[in-house]
Amino acid sequence: MSRDRLLLTFCAIAVAFAAVDTYVVVLALPDMMAGVGIPIDELQRAAPIVSGFLLGYVAMLPLIGRIADLRGQVPVLAMSLVLFSIGSLVTAVSYDLPSMVAGRFLQGVGGGGLVPATMSLVAALYPVERRGLPLGLVSAVQEFGSVLGPLFGALVLSFTSWRGIFAINLAGGVLLVLVVGALARGSVVEVRAPASLETPAGDAPHRVSRLAALAPRPAAAVTALLLAITLTAGVITFLEPASIQRDLTWGQLFIPYVDGGSRWVTPIGLVTIGSFVAFLVCCWFLPRPLVDLRGWFRHLLDADLLGAGLLAAALGGIVLAFATADPEVAVFSPQGPWFLVGSGIAVILLLVHLRRADDPIVPRGALRATPAWGALVVSFLVGWALIAALVDIPLFARTTTQPDSQLGAALVLLRFLAALPFGAIVGGWLLRRLNAGVLTAIGMAAAGVSFLAMAQWDATSLDGFGSNVPLVIGGFGFGLALAPVNAAILANTDDDSHGLASALVVVARMIGMLVGISALTTIGLRRLYATQAADPSLGIRELGIVQEHAVFVGAAVAAFAAAVLALILFARAGTREVDTAEVLRTAG
């Protein structure tokens with residue numbers, strides 16, 4: 001089992017690596033805007049760079065989670081890392097906004113896909129009563145990326161451009177693909193194929209995979225060559241090296257066939273497109289290529305592509321409505337009502353589809369248990385409260401003691417986040433002794449109390465040692481609650497739905513974060529304007545403190561609501577029960 005745990009460790013590292021990328025644009029966004037020709041005073045035009053990533057991360061998660069249930073966790077982890085790496089490459093070499101948004105979208109799809117697959121892997125490797133600690137660790141590293149992202153961006157920008165951030169992402173993604181692939185060979189999870197992939201009677205899956213691995217693979221070499229040509233030509237297409245452009249012969253490769261056409265209609269651009277199409281064709285028709293697209297297409301169909309599309313449309317509408325909002329004007333963007341109407345229509349169509357489809361993306365009865373759907377409600381509220389800490393603690397620091405230091409403000413938040421993984425470890429350990437509802441309630445109540453304490457901070461509070469107390473208690477409380485929420489839904493869903501269930505928990509938390517930050521910021525600003533109208537003599541610092549106090553109080557309400565609902569909904573979560581069949585499979 002040491003090999004499987006090492007595999008899980010590197011999967012958790014991949015989750016942390018992708019989580020860092022979620023927040024890496026915080027400091028790099030102005031330079032990225034300049035790189036694609038957007039002036040710094042037109043920040044609203046850069047919104048798709050952020051919302052594109054979130055759209056890929058949230059909207060595609062349920063489909064990826066369902067495919068993990070059908071195909072297996074390791075192949076989905078590997079493909080997610082591949083998509084993340086390709087997205088990093090496209091972003092690194094992008095020269096216009098559509099290319100950058102496309103790259104960020106692919107990064108979101110790949111980074112988001114790592115989470116449900118890793119959670120499902122935990123369920124495959126550990127029995128019910130032993131999942132708490134690994135689930136807590138995976139959740140902790142995911143949230144820790146929120147502070148490492150800006151720090152990583154600042155570090156890289158100190159010695160190179162923003163493109164270097166995504167070049168490092170590409171290198172890290174490729175390295176993780178190789179490591180995960182190597183560790184998966186001989187892993188227990190490798191031979192646990194889902195029912196849809198079972199081999200004929202008498203053929204052991206591990207025997208078939210080992211014999212197949214010895215067979216010659218000319219198709220793999222051909223597809224690898226085509227992929228290398230695609231990547232090389234793609235880099236040249238985007239970067240347009242000046243030395244080659246000025247050459248009388250090679251420079252013709254960069255002349256568009258259409259006047260005013262984009263780089264894609266140049267000879268080198270068409271080589272990129274043609275080699276990529278050839279790569280896809282070979283992966284579809286040749287035996288044992290580098291990537292077996294035939295298997296993936298079959299699982300896309302088996303995962304209910306129509307249902308996944310409707311669910312993605314519903315989630316995408318919510319993401320676009322809130323991620324592009326200006327909180328000073330409204331809770332969601334001017335186009336938000338239309339996005340939400342479209343999301344509502346998609347939900348209605350999805351409900352009709354789920355009733356009629358033979359094998360829908362959300363299997364009938366998958367969330368029938370109260371702790372299962374309750375985990376989604378609690379996760380939504382956890383996200384609503386957590387985003388206030390991640391965003392408004394640094395904002396409070398910038399308003400008061402760190403007005404000129406982004407790094408100093410991030411280090412204040414680090415006190416909160418340093419306690420989060422420790423709380424996750426303790427929460428995972430206590431999950432074998434306490435009910436998931438009680439443990440979640442304790443954690444979220446602690447978070448709520450810490451927010452109320454933060455709402456009492458003044459302009460000099462962060463200079464004193466006492467400010468560390470609510471920061472540490474809050475981080476510890478959130479960490480304490482992460483594992484029980486994930487454990488509750490995994491313990492109350494079938495084994496063949498763990499990937500989907502894990503995806504839905506993450507989606508619920510991300511939607512909670514989007515809605516929460518928009519609503520809380522709007523509430524805080526309205527409190528600011530009301531205070532300013534009542535006392536025009538107040539300065540910017542005093543008004544900023546008033547705004548943050550309102551946000552912290554709102555976050556405390558969400559945290560206490562999560563605590564109460566967890567006690568009610570997780571009363572019979574069964575996270576301490578021993579699943580004998582699971583234990584036997586794990587031991588095997």
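Helix α4 passes helix α13 in a right-handed crossing. The handedness convention is this: a crossing is right-handed if the near helix is turned clockwise from the far one by less than a right angle, and left-handed if it is turned anticlockwise. By helix I mean a DSSP run of H or I with at least four residues, and by strand a run of E with at least two, both numbered from the N terminus.

Before going on, a word on the source. This is a predicted model, in which local features need a pLDDT of at least 70 and side-chain atom pairs count only at pLDDT 80 or more, while totals for chains, interfaces and linings use all residues. Residues are numbered from 1 along each chain as its sequence is written, and side-chain values use heavy atoms, with hydrogens and water left out.

Back to the first pair. Two packed helices are described by the angle between their axes and the distance between the axes. Here an axis is a line fitted to C-alpha atoms, for helices over the stretch in contact, and the angle runs from 0 to 180 degrees between N-to-C directions. For α4, residues 61–71, and α13, residues 293–302, the axes come within 9 Å and cross at roughly 115°. The two helices are therefore roughly perpendicular to each other. As for the wording, angles under 35 degrees count as roughly parallel, over 145 as roughly antiparallel, 65 to 115 as roughly perpendicular, and the rest as oblique.

Which residues of α4 and α13 make the contact? On the α4 side they are L63, I67, L70 and R71, and on the α13 side G295, W296, H299, L300 and D302. Contact here means heavy atoms within 4.5 Å.

Now the whole chain. The protein chain has 22 helices and zero strands. Of its 588 residues, 51% count as buried. Buried means under 20% relative accessible area, exposed means over 50%, and partly exposed lies in between, with a 1.4 Å probe and protein chains only. Taking contacts between residues at least 6 apart in sequence, 80% join residues at least 24 apart.

How confident is the prediction? The chain averages a pLDDT of 79, and 82% of the residues score at least 70. pLDDT is the predictor's confidence in each residue, from 0 to 100. Over residues 190–216 the pLDDT is below 50, and this stretch has 25 contacts in the model beyond near neighbours in sequence. Residues 578–588 also stay under 50, with 20 contacts beyond four places in sequence. Among the helices, α18, residues 436–454, has the highest mean confidence at 95, and α22, residues 580–587, has the lowest at 32. Where pLDDT is low, the predicted coordinates should not be read in detail.

Next, α18 and its partners. How do α18 and α19 pack? Their axes are 7 Å apart, at an angle of about 155°. They are therefore roughly antiparallel to each other, and their crossing is left-handed. The residues in contact include G443, A447 and F451 of α18, and G474, G477 and A481 of α19.

Helix α16 also packs against α18: the axes come within 12 Å and cross at roughly 35°, again in a left-handed crossing. In this pair, V378, V382, A385, A388, A389 and I393 of α16 meet T440, M444, F451 and M454 of α18.

A388 lies in α16, residues 370–399, and is buried at 0% relative accessibility. Leaving out residues up to four places away in sequence, A388 touches I393, F451, L520, V551, F552 and A555. Its C-alpha is 9.9 Å from that of V553, which is 165 residues away in sequence.

V485 sits in α19 and is buried at 5% relative accessibility. Beyond its neighbours within four places, V485 is in contact with A375, V378, S379, T440, V505 and F570. V485 and G136 are 349 residues apart in sequence, but 9.5 Å apart in space, C-alpha to C-alpha.

Leaving out residues up to four places away, S497 touches R66, D69, P363 and A366.

Last, the cysteines. The structure holds zero disulfides, a disulfide being a pair of cysteine sulfur atoms within 2.5 Å. C11 is buried at 1% relative accessible area, and C282 is buried at 16%.
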